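Please view the sequence and the model together while reading.

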Amino acid sequence: MPGRGPRRPGPPVSASLAPAQAPLAAGPSADDLTAAERDRILAKAAIFAPPPAQLADGRRDLVGLSRDELIAEMVAIGEKPFRAKQIWHWIYHQGKTDFAEMTTIAKPMQQKLAERFVVARPEVATVQTSTDGTRKWLFKFRDGQQVETVYIPDDERGAVCISTQVGCTLSCRFCHTGTQRLTRNLGAAEIVGQFMAGRDSYGEWPSPKDEPRYLSNIVVMGMGEPLYNYENTAKALRIIMDGEGIGLSRRRITLSTSGVVPMMDRCGAELNVNLAVSLHAVTDELRDRIVPLNRKYPIKELLDACRRYPGASNARRITFEYVMLKDVNDSEAEARELIRLLQGLPAKVNLIPFNPWPGAPFETSTRAQTERFADVLNAAGYSSPIRRPRGRDIMAACGQLKAEMEKGGEG
Ligand code: SAH
Ligand code: SF4
């Protein structure tokens, strides 16, 4: 359970936890605790590790390997390390999946590579394009597991929303993915693969250096909690950011977290992509209920971690996501409290109309109430766009297509 072992300062702490917390003077420091917590999160992620990136015939998928791992694979088959650089270019810049098309490599070596390796993509189980241009894929991996990826166009650019887990261990009350148990984490190949398959779908290869670029941005906001699958997500994003391949800069990548505080510092230090935080409530009492992870990492700790995030500046604000739930979190008093909480933090607030799903225990706030909420924030100087619902006709809300397919027995 994610809600186990609250560490909120002050009362009320359950009696059973009190003794462990009492000897503060002699006990571990806050840094030690955070490191221990990080280790625990990483160990848990390993339990849900993806299957090896290998075909039934033993061939290995080269997608998702780091540069060093790709070099090691070349050396292991008796080739020179520089081959890795060439292959990297073909895979991530040119988008080739067939060794025979890698023309800087001689035929015999192409054959040797094809005997041992593949350059794979996830299988497209379904693809739907909305009347507003939003495109949604259900991708299927080698073990049959499926996730959703959504492309949201915006003139001559657009964002690909990628998933990091099959299901989610957290159970935010308004989220459909939260009703699906975590099956497993995605591997780096599966995370990069969603973006590459999206590129295939638009024929956007070789990786364009300049605009226009249809798949110009990435939001890590699909199914799952990326900071609970940190290693694979980080590896995938490093591949995506590599300048000799896909080459998306960290400024075009936004990672959304529900608030896994111990991993936020590491994400900042190592990846420093844009950060989005799913806040959704301004009191611990409410956030405990709708984002249960809050019982472990309450609002104050979460906002402190945001303040520590590198590059949090006016030029590079942190995005706070706030799903508008009718009569639950949408009052003007709550908007004013939000301003108080965000004081001193370079922030922007995305107001997201709740995207309903069958059986959901909430309703969407009215447009008028959402605008009143936005007005309060705007008056205080916060940019607070109301997100347009996209792809309603294809149910482009987190977790819905997959659930629909499974209901139909297709899964
Ligand atoms: N697990 C991460 C990223 C995936 S969820 C996180 O929670 O941040 C991406 C965003 O979609 C989050 O802000 C989430 O709160 C929001 N979301 C989930 N279900 C939604 C729904 N039914 N309507 C509107 N937004 C939703
Ligand atoms: Fe998981 Fe994010 Fe959905 Fe919460 S909102 S259940 S963290 S995917």
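In which sense do strand β6 and strand β9 pair, and over how many bridges? Strand β6 (residues 157–161) and strand β9 (residues 217–220) pair in the parallel sense, over three bridges. The model is predicted, and the protein has an average pLDDT of 88.

- Nine strands form an open sheet with mixed pairing, in the order β3-β4-β5-β6-β9-β10-β11-β12-β13.
- The edge strands are β3 (123–129) and β13 (347–353), each of which pairs on one side only.
- From one strand to the next, the twist averages 20°.
- Strands β6 and β9 pair in the parallel sense, and the bridge partner of C161 in β9 is V219.
- In general, strands of a sheet pair through backbone hydrogen bonds, either parallel or antiparallel.

**Two packed helices**

- Helix α8 (residues 261–270) packs with helix α10 (residues 299–308) at an angle of about 5°, and their axes are 9 Å apart.
- Because angles under 35 degrees count as roughly parallel, α8 and α10 are roughly parallel to each other.
- On the α8 side of the contact are V261, M264 and D265, which meet E301, L302, A305 and R308 in α10.
- By class, this contact of α8 with α10 has four nonpolar, no polar and three charged residues.

**Surroundings of the ligands**

- Ligand 1 is surrounded by 17 residues, of which the closest are C175, S258, S278, E321 and N355.
- The shell around ligand 1 has nine nonpolar, six polar and two charged residues.
- Two strands of the sheet, β10 (253–257) and β12 (318–324), each supply at least two residues of the shell around ligand 1.
- The residues around ligand 2 include C168, L170, S171, C172, T177, G178, G224 and E225.
- The shell around ligand 2 has four nonpolar, six polar and one charged residues.

**Confidence of the prediction**

- A pLDDT of at least 70 is reached by 88% of the residues.
- Over residues 1–23 the pLDDT is below 50, and this stretch has 16 contacts in the model beyond near neighbours in sequence.
- Residues 407–411 also have a pLDDT below 50, with four contacts beyond near neighbours in sequence.
- Where pLDDT is low, the predicted coordinates should not be read in detail.

Methods
Residues are numbered from 1 along each chain as its sequence is written. Chains are lettered from A and ligands numbered from 1 in the order in which they are written. This is a predicted model: local features need pLDDT of at least 70, side-chain atom pairs count only at pLDDT 80 or more; totals for chains, interfaces and linings use all residues. Two strands pair if DSSP finds at least two bridges between them. Helices (H or I, at least four residues) and strands (E, at least two) are DSSP runs, numbered from the N terminus. Axes are lines fitted to C-alpha atoms, for helices over the stretch in contact, and angles run from 0 to 180 degrees between N-to-C directions. A residue is near a molecule or strand if its C-beta atom, placed from the backbone, lies within 6 Å of it. Ala, Val, Leu, Ile, Met, Phe, Trp, Tyr, Cys and Pro count as nonpolar, Asp, Glu, Lys and Arg as charged, and the others, Gly among them, as polar. Angles under 35 degrees count as roughly parallel, over 145 as roughly antiparallel, 65 to 115 as roughly perpendicular and the rest as oblique. Two residues are in contact if their C-beta atoms, placed from the backbone, lie within 7 Å. pLDDT is the predictor's confidence in each residue, from 0 to 100.
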